[in-house]
Structures are given as structure tokens and as C-alpha cells.
Amino acid sequence: MNPSKLSISTVLIAFCVFAFIEVANSNPTMDLFGGYEIVSVCMTNCAQCKRMYGTFFDGQVCAEACLEFKGKIIPDCEDIGSIAGFLNRAELKKYA
């Protein structure tokens, strides 16, 4: 192989490796909604669940969890597992 082709290939490979490393380091975590918007989605879902379940759902605790966990735990009103911690057990016992 020609020495000039070898040096061009080496420079090209080094550039590609450097570019790949820069892209990988530029955004190590991906936040789909952005900081405050995901908290807003969480709070909106809390309000929706409160409207759906009324006194059976503790919207205040749900909203506080949204703020505390920065929207990482988003309640889904149709998924009992995601809202179980926000259900008002005292109200549920009245009807059991």
C-alpha cells in the first residue's frame, strides 16, 4: 500500500473515531420530554386520575410524588400498579 494512502486512511479512521466519541459523550442520557414538561405530564395524569376516581384517589400525594421524583414515575389511571400508592385506602374500606 502506498504511504500516502496509508496516512490518509489513518487520519480518516482517527477522525471517525473522534467524531463517534464526541457524539456518544454529548448526550449520555436522553430525556424525551425535557425537564419541566415531563413533570407537567405527570401532574396532568394525577389530575385526570383524581377526576376519574374522586375521593378514592389521593391527588395531593400523587402531585407531590411527581415533584419529588421529577416526573420519573408517571401514573396511568388504567394501570392499577402505577396508581396503587395513591389510592385512598380509608375510602376503599367503606365500600368493602
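This is a predicted model: local features need pLDDT of at least 70, side-chain atom pairs count only at pLDDT 80 or more; totals for chains, interfaces and linings use all residues.
Let me begin with the overall fold. The protein contains five helices and zero strands, so that, read from the N terminus, its elements run α-α-α-α-α. Of the 96 residues in the protein, 20% are buried. If we take the contacts between residues at least 6 apart in sequence, 65% of them join residues at least 24 apart.

A disulfide is a covalent bond between the sulfur atoms of two cysteines. The structure holds three disulfides, and, when the bonded cysteines are counted along the chain, they follow the pattern 1-5, 2-4, 3-6.

I will start with C42 and C66, which form a disulfide with their sulfur atoms 1.9 Å apart. C42 lies in helix 2, residues 35-53, and C66 lies in helix 3, residues 59-68, so this pair ties together parts that are 24 residues apart in sequence. The torsion about the S-S bond of C42 and C66 is about -75°, and the disulfide is therefore left-handed. Both C42 and C66 are buried.

Next comes the disulfide that joins C46 to C62, with an S to S distance of 1.8 Å. This pair again links distant parts of the chain, with C46 in helix 2 and C62 in helix 3, 16 residues apart. The link of C46 and C62 is left-handed, with -75° about the S-S bond. Are these two cysteines buried or exposed? Buried means under 20% relative accessible area; C46 has a relative accessible area of 3% and is therefore buried, and C62, at 1% relative accessibility, counts as buried as well.

That leaves C49 and C77, whose sulfur atoms are 2.0 Å apart in their disulfide. Where in the chain do these two cysteines lie? C49 is in helix 2, whereas C77 is in the loop between helix 3 and helix 4 (80-83), and the pair links distant parts of the chain, 28 residues apart. With -110° about the S-S bond, the link of C49 and C77 is left-handed, and both of these cysteines are buried.

To close, I would ask you to look at helix 2 in the model, since C42, C46 and C49 each lie in that helix.

Technical notes:
Residues are numbered from 1 along each chain as its sequence is written. Side-chain values use heavy atoms; hydrogens and water are left out. A disulfide is a pair of cysteine sulfur atoms within 2.5 Å. Helices (H or I, at least four residues) and strands (E, at least two) are DSSP runs, numbered from the N terminus. Buried means under 20% relative accessible area, exposed over 50%, partly exposed in between (1.4 Å probe, protein chains only). Contact means heavy atoms within 4.5 Å.
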